[in-house]
Amino acid sequence: MNLSEIQIIEEDEMFRGSKSRYVWFFGGIFIFLCFLAMHYSIYVPFLFQNFGGIPYTLISYLVVLFIGPFMVMITSFDSVSSEIETGSIRYVISKVHRSSFILGKFLFLFLVSISVSSVIALISLIQQYSVGNAFQFENTGLFWIFSNLYLGCFISIFLLISTLSDNNKISFTVSAIFLGILIFFYLKGDSNYLKFLTPFYYGANNIDFMTDFSFKAEYLRILESLFSMLLYISVYLSMSLVAIKRRDL
């Protein structure tokens with residue numbers, strides 16, 4: 001692994017024509033969906049009577065929770081499998097270490113996530129200002145952190161699947177099935193331990209922070225949530241690194 005090689009891969013992904021435009025296009029759609037959800041929430045204020053106003057940060061976070069995994073799947077399922085299918089990966093890994101190749105791919109997708117969540121957070125602040133609400137900087141900051149880590153969990157999952165797949169069709173099919181399995185595990189309820197295997201559980205645990213945040217009372221829960229999602233990302237990313245090193249390319 002080499003930091004300069006990782007940067008080269010990341011920059012190549014960022015400026016490489018159609019793939020980059022494809023990822024940023026769906027990132028733009030994601031932002032637009034969050035904007036629509038926040039904008040039209042003013043027409044259903046009775047849903048938010050308990051919050052003393054429309055909680056734009058919560059609305060944005062719910063969109064991230066429910067739609068984010070599908071957007072991540074669409075943009076990352078072919079991140080490695082496309083290069084395996086075309087054979088271009090052989091040229092790339094002859095120039096850089098395999099671990100640098102995977103980490104560069106992950107950092108590019110994570111950079112897109114950071115950019116998207118930053119724009120959504122800014123829109124949330126603008127919406128708060130436009131209706132005369134006080135700025136909720138703590139909640140908005142937590143939204144930014146938790147959204148990035150939550151989406152990062154799915155990036156690492158689909159990157160692993162893409163690394164193990166021989167072509168895009170297999171990668172997309174397996175990604176869709178695996179996402180369905182994760183949803184099933186989470187929906188089985190609190191009585192099972194399978195929920196701990198899903199990012200949905202860790203993401204949903206942070207919903208309360210989007211509406212009522214007290215640092216002195218909640219910082220332990222926040223640290224626990226941060227650690228859990230960072231560990232989740234690390235585990236799947238490590239498996240991707242092991243998989244690419246053991247693959248016959």
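These are my notebook entries on a predicted model of one chain.

**Entry 1: overall make-up**

I started with the secondary structure. The chain has 10 helices and 0 strands. Read from the N terminus, the elements run α-α-α-α-α-α-α-α-α-α.

Of its 249 residues, 49% are buried. The chain exposes about 12700 Å². Carbon and sulfur atoms supply 67% of that area.

I also checked how far apart in sequence the contacts reach. I took the contacts between residues at least 6 apart in sequence. Of these, 78% join residues at least 24 apart.

**Entry 2: salt bridges**

How many salt bridges does the count come to? The count comes to 2. Side chains of opposite charge can pair when their charged atoms come close.

I took Lys105 and Glu83 to begin with. Their side chains meet in a salt bridge, at 2.6 Å from N to O. This pair links distant parts of the chain, with Lys105 in helix 6 (residues 98-130) and Glu83 in helix 4 (residues 81-86). Are Lys105 and Glu83 buried or exposed? Both are buried.

I went on to Arg247 and Asp166. They form a salt bridge too, and the closest N and O atoms are 2.5 Å apart. Here again the pair links distant parts of the chain, 81 residues apart. Asp166 sits in the loop between helix 7 (137-164) and helix 8 (168-187). Asp166 has a relative accessible area of 43%, so I logged Asp166 as partly exposed.

**Entry 3: around Arg247**

I stayed with Arg247. Where is Arg247 found? Arg247 lies in the segment after helix 10 (215-246). Its relative accessibility is 17%. Buried means under 20%, so Arg247 counts as buried.

Next I listed its contacts, leaving out residues up to four places away in sequence. Arg247 touches Ile84, Arg98, Thr163, Leu164, Ser165 and Asp166. I looked at Ser165 in more detail. Its backbone oxygen lies 3.1 Å from a polar atom of the Arg247 side chain. Asp166, also on the contact list, is the salt-bridge partner of Arg247.

**Entry 4: aromatic rings**

I counted ring pairs next. The count comes to 13 aromatic pairs. One of them is Phe25 with Phe26. Their centres are 5.4 Å apart and their planes stand at 80 degrees, an edge-to-face pair. Phe26 is buried, with a relative accessible area of 18%.

I then checked Phe196 and Tyr201. Which way do their rings face? The ring centres are 4.9 Å apart and the planes are at 75 degrees, so this pair is edge-to-face. Edge-to-face needs over 60 degrees. Phe196 is partly exposed at 32% relative accessible area. Tyr201, at 18%, is buried.

I also found a cluster. Tyr150, Phe154, Phe158, Tyr186 and Phe200 form one aromatic cluster.

**Entry 5: a nonpolar surface patch**

Last, I looked at the surface. Which residues form a nonpolar patch there? The patch is made of Phe227, Leu231, Val235 and Met239. Together they have about 370 Å² of accessible area.

Val235 lies in helix 10. At 40% relative accessibility, Val235 counts as partly exposed. A patch member needs over 30% relative accessible area, and Val235 has 40%.

Conventions:
Residues numbered from 1 in each chain as written. Predicted model: local features only at pLDDT ≥ 70, side-chain atom pairs only at ≥ 80, totals over all residues. Heavy atoms only, no water. Helix = DSSP H or I, 4+ residues; strand = E, 2+ residues; numbered from the N terminus. Buried < 20%, exposed > 50% of the residue type's maximum accessible area, 1.4 Å probe, protein only. Polar contact = N/O pair within 3.5 Å; in protein donor to acceptor, adjacent residues only side chain to side chain. Contact = heavy atoms within 4.5 Å. Patch = residues over 30% accessible without salt bridge, like charges linked within 9 Å, V, L, I, M, F, W, Y side chains within 5 Å. Areas by Shrake-Rupley, 256 points an atom, 1.4 Å probe, with all protein chains shown as cover. Salt bridge = Lys/Arg side-chain N within 4 Å of Asp/Glu carboxyl O. Phe/Tyr/Trp six-rings, centres within 6.5 Å; stacked < 30°, edge-to-face > 60°.
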